[in-house]
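Please brief me on this protein model.

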Amino acid sequence: MGNSALKSHLETSQKTGVFQLTGKGLQEFPEELQKLTSNLRTVDLSGNKIEVLPAAIGNFLQLRSLTLNSNRVTTIPSEIGKLKKLETLSLNGNRIQQLPPTLGQLKALRTLSLAGNQISEFPSGLGTLRQLDLLDLSRNQIQNVPAEVSELQAIEINLNQNQISVLSEGVSRSPRLKVLRLEENCLELSSIPLSILSESQVSLFSVEGNLFEVKKLQDLEGYDKYMERFTATKKKFA
């Protein structure tokens, strides 16, 4: 892409606070954006070939939304933790294997979307994200949902298309969790903690495509309590 095109993009962004440059074959995060650290609120660089998210990302203190879906990013720099106003971080379809501990410092974060990466362990340290609404970890390689999940404040956790065979009952103590998606994993019926049905807040528990027939859930103790929540939620949105 020519310099003049980038220049006009930058001029527009200076006025709007939005920089969007998708599907242009960019191989690196545009250095020129550094001139706009004080007023950029939204950056979308999806569909490029960016491999490195630079440490300088920590300078964009006004940033509320950062989207780099479908790139080649392998790591998230620890400096990301400086973005105290960030509400949406979307890095679907990259090559990320793990998350920096500083991610837990993003106090305003509402959406953390990391679908289609190479994450093999359920991320720790996200319990400090008190505003988190959606955690999307679908299409990764996670095998185990640990007890620490009880600390998460998320309303929806999407774990579809992983390799999960172990599901901690801690998930039933996750205080705001309403939607838990576990489609196309490796769960046996005996791996489902009954407390998810009988004691949790979960009103949509999606488990199609595992190692049991979904209708067998109906035989489990607490299924009627789950159905009460499911039906009440459906009525609310009808």
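The briefing below goes from overall layout to single residues.

This is a predicted model, in which local features need pLDDT of at least 70, side-chain atom pairs count only at pLDDT 80 or more, and totals for chains, interfaces and linings use all residues. Residues are numbered from 1 along each chain as its sequence is written, and side-chain values use heavy atoms, with hydrogens and water left out. The protein has 3 helices and 11 strands.

**Overall layout**

- Helices (H or I, at least four residues) and strands (E, at least two) are DSSP runs, numbered from the N terminus.
- Along the sequence the pattern reads α-β-β-β-β-β-β-β-β-β-β-α-β-α.
- The C-alpha trace spans about 65 × 35 × 30 Å along its principal axes.
- Of the 238 residues, 47% count as buried. Buried means under 20% relative accessible area, exposed over 50%, and partly exposed in between (1.4 Å probe, protein chains only).
- The protein exposes about 11,700 Å², an area from the Shrake-Rupley method with a 1.4 Å probe. Carbon and sulfur atoms supply 46% of that area.
- Contact means heavy atoms within 4.5 Å. Among contacts between residues at least 6 apart in sequence, 34% join residues at least 24 apart.

**The sheet**

- Strands of a sheet pair through backbone hydrogen bonds, either parallel or antiparallel.
- Here two strands pair if DSSP finds at least two bridges between them.
- Strand 2 (residues 42–44) and strand 3 (residues 65–67) run parallel and are joined by 3 bridges. Valine 43 has leucine 66 in strand 3 as its bridge partner.

**Salt bridges**

- Side chains of opposite charge can pair when their charged atoms come close.
- A salt bridge is a side-chain nitrogen of Lys or Arg within 4 Å of a carboxyl oxygen of Asp or Glu. The count comes to 4 salt bridges.
- Arginine 110 and aspartate 133 form one of them, at 3.5 Å from N to O. The pair links distant parts of the chain, 23 residues apart. Arginine 110 sits in the loop between strand 4 (88–90) and strand 5 (111–113), and aspartate 133 in the loop between strand 5 and strand 6 (134–136).
- Arginine 110 is partly exposed at 35% relative accessibility. Aspartate 133 is also partly exposed, at 25%.
- Arg110, Asp133 and Arg176 are linked in a network of salt bridges.
- Arginine 181 and glutamate 156 meet at 2.8 Å, N to O. Arginine 181 lies in strand 10 (residues 179–181) and glutamate 156 in strand 8 (residues 156–158), so the pair ties together parts 25 residues apart in sequence. Arginine 181 is partly exposed, at 23% relative accessibility.
- Lysine 215 and glutamate 213 form a salt bridge at 3.8 Å, N to O. Lysine 215 is exposed, with a relative accessible area of 56%, whereas glutamate 213 is partly exposed at 43%.

**Two buried residues**

- Threonine 37 lies in the loop between strand 1 and strand 2. Its relative accessibility is 18%, so threonine 37 counts as buried.
- Beyond residues up to four places away in sequence, threonine 37 touches Asn59, Phe60, Leu61 and Gln62.
- Asparagine 158 is found in strand 8. Asparagine 158 is buried, with a relative accessible area of 11%.
- Leaving aside neighbours within four places in sequence, asparagine 158 contacts Leu135, Asp136, Leu137, Ser138 and Arg181.
- The C-alpha atoms of asparagine 158 and glutamate 169 are separated by 17 Å, at 11 residues apart along the chain.

**Record annotation**

- UniProt, in an unreviewed entry, lists residues 56–112 as "domain: Disease resistance R13L4/SHOC-2-like LRR". UniProt positions are given in the numbering used here, feature names are shortened, and annotations may be inferred rather than shown by experiment.
- In the model, residues 56–112 are 0% helix and 14% strand. The end C-alpha atoms of this span lie 20 Å apart.
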